[in-house]
Amino acid sequence: MEKVLGLASDQGVVIFIKSTCCLCYTVKILFQEIGVDPLVYEIDRDPEGREMEKALAKMGCSSPVPAVFIGGKLLGSTNEVMSLHLSGSLNQMLKPYQTQT
């Protein structure tokens, strides 16, 4: 869990993904379309990936990946991200991290 929290707190926006996950890809592209360049961490390429996946589940992520952190706090997985996006709240949350308008 320390590794996950450490990575999540080092950057403004962090997305933990698996390289073969289509939902992970979708969330990553959504953030890029909003103008945010998140740190994307592929847990399936990390020797500690399984432990990181367990840590994300223990932290309350409904699905281990994608796991989105904003400002060091767990936002959630695909369902939470898409709900916030559809309500317009996600853009507001990401304004401080946008690199383009």
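**Thr78.** I looked up Thr78 and found it in helix α4 (residues 78–87); helices here are DSSP runs of H or I with at least four residues, strands are runs of E with at least two, and both are numbered from the N terminus. The model is predicted, so I took local features only at pLDDT of at least 70 and side-chain atom pairs only at pLDDT 80 or more, while totals for chains, interfaces and linings use all residues. Residues are numbered from 1 along each chain as its sequence is written, and side-chain values use heavy atoms, with hydrogens and water left out.

Is Thr78 buried or exposed? Thr78 is buried, at a relative accessible area of 14% (buried is under 20%, exposed over 50%, partly exposed in between, with a 1.4 Å probe and protein chains only). Leaving out residues up to four places away in sequence, I found Thr78 touching Leu23, Val27 and Pro66 (contact is heavy atoms within 4.5 Å).

I listed Val4, Leu7 and Ala8 as the buried residues of α1. They line one face of the helix, because they fall within an arc of 100° seen down its axis (the arc is that of the directions from the helix axis to the C-beta atoms). These buried residues pack against β1 (13–17), β2 (39–42), α3 and β3 (67–70). On the other side of α1, I noted Glu2, Ser9 and Asp10 as exposed.

**α1 against α3.** I then checked which residues meet: Lys3, Val4 and Leu7 in α1 contact Met52, Ala55 and Leu56 in α3.
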